[in-house]
Amino acid sequence: MGEDGSVQGFLEILKMPYVGTNILSSSVAMDKIATKHVLESAGVPLVPYVTYVEGSDLDAAVAEVNDKLTYPVFVKPANMGSSVGISKAEDEAALRSAIDFALKYDSRILIETGVNAREIEVGILGNADVKTTLPGEVVKDVAFYDYDAKYIDNKITMDIPAHIDSKIMEEMRGYAETAFRAIGGCGLSRCDFFLTEDGHVYLNELNTMPGFTQWSMYPLLWENMGLAYTDLVEKLVELAKEMFEKRESHLI
């Protein structure tokens, strides 16, 4: 609930400043399908995908996957985070099972082609003046970066900055800023990219409330840029106050 615009809307009704993105950008970024549509219109490269809505023609959706995508595919509830409800499907039978499983979490489902790629992340900070970090890499000791790998098994390490070509770094930073502005972002976000062996970059996810422990990727990315954890917290509070004053200054 804290990332989908609900809390943000409540705080705006109470006329209270808050850290992070506003109602619209929070709700758009929380919905994977809505995010895809917005980022496509902004020219940000995305992994090929198909959508399915509960109650629509399942056979037609499966046929579209078979026609447009390449197995394995990943099946995701549109409105969940932390890899909850996500399954990897190697064939049509597994795809149908994965859709059934994802429907336990949401009525709108995103199906994406699986790519063999490195996972690279870029931190974003700012309101009108948007800053980005050098990219960092999530180095996995697992085939699928699921909930357990993220939060329980600790089977990941981070390389900051990522060991990638400087041109690709700048490309990712540019796409991160474009994506952030496209959803109307403010405060903070983290853009997660795929980088394939042949150098193709795809934006995988735009996270408007990234993990924020002292060992999380987002604050570590900014620490690498010279912004310490406590200074980052202070900056986010300043940005929250700035956005609150901006909202309150509008005529309506």
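Where does Pro 72 lie? Pro 72 is in the loop between H4 and strand S2 (73–77). Helices (H or I, at least four residues) and strands (E, at least two) are DSSP runs, numbered from the N terminus. The bond between Tyr 71 and Pro 72 is a cis peptide bond, with omega about 0°.

Before going on, the ground rules. This is a predicted model, in which local features need pLDDT of at least 70 and side-chain atom pairs count only at pLDDT 80 or more, while totals for chains, interfaces and linings use all residues. Residues are numbered from 1 along each chain as its sequence is written, and side-chain values use heavy atoms, with hydrogens and water left out.

There is another cis bond to show you. It runs from Ile 160 to Pro 161, with omega near -5°. Pro 161 sits in the loop between strand S8 (156–159) and helix H7 (166–182).

Now the overall layout. The protein chain splits into domain 1 (6–46 + 116–250) and domain 2 (49–113). Those bounds come from an automatic or database domain assignment. Taken over C-alpha atoms, the centres of domain 1 and domain 2 are 25 Å apart.

Next, helix packing. Take H4 (residues 58–68) and H5 (residues 92–102). They pack at an angle of about 130°, and their axes are 11 Å apart. Axes here are lines fitted to C-alpha atoms, for helices over the stretch in contact, and angles run from 0 to 180 degrees between N-to-C directions. That angle makes H4 oblique to H5. On the cut-offs: under 35 degrees is roughly parallel, over 145 roughly antiparallel, 65 to 115 roughly perpendicular, and the rest oblique.

Who makes the contact, meaning heavy atoms within 4.5 Å? From H4 we have Leu 58, Asp 59, Val 62, Val 65 and Asn 66. From H5 we have Glu 92, Leu 95, Arg 96 and Ile 99. The residues of this contact divide into five nonpolar, one polar and three charged. Ala, Val, Leu, Ile, Met, Phe, Trp, Tyr, Cys and Pro count as nonpolar, Asp, Glu, Lys and Arg as charged, and the others, Gly among them, as polar.

Over to H2 and H3 (residues 32–41). Their axes come within 5 Å and cross at roughly 105°. H2 and H3 are therefore roughly perpendicular to each other. H2 brings Val 28, Ala 29 and Met 30 to the contact, and H3 brings Lys 32, Ala 34, Thr 35 and Val 38.

Now the loop between helix H1 (6–13) and helix H2 (23–30), where Lys 15 lies. Phi of Lys 15 is near 55°, a positive value in a residue other than glycine. Is Lys 15 buried or exposed? Lys 15 counts as exposed, because its relative accessibility is 53%. Buried means under 20% relative accessible area, exposed over 50%, partly exposed in between (1.4 Å probe, protein chains only).

Tyr 18 is in the loop between H1 and H2. At 8% relative accessibility, Tyr 18 is buried. Leaving out residues up to four places away in sequence, Tyr 18 touches Gln 8, Leu 11, Glu 12, Ile 23, Ala 240 and Arg 247.

Last stop, Pro 210. Look in the loop between strand S10 (201–207) and helix H8 (217–224). Pro 210 counts as buried, at 4% relative accessibility. Beyond its neighbours within four places in sequence, Pro 210 contacts Leu 188, Ser 189, Arg 190 and Tyr 218.

Terms used. Contact = heavy atoms within 4.5 Å.
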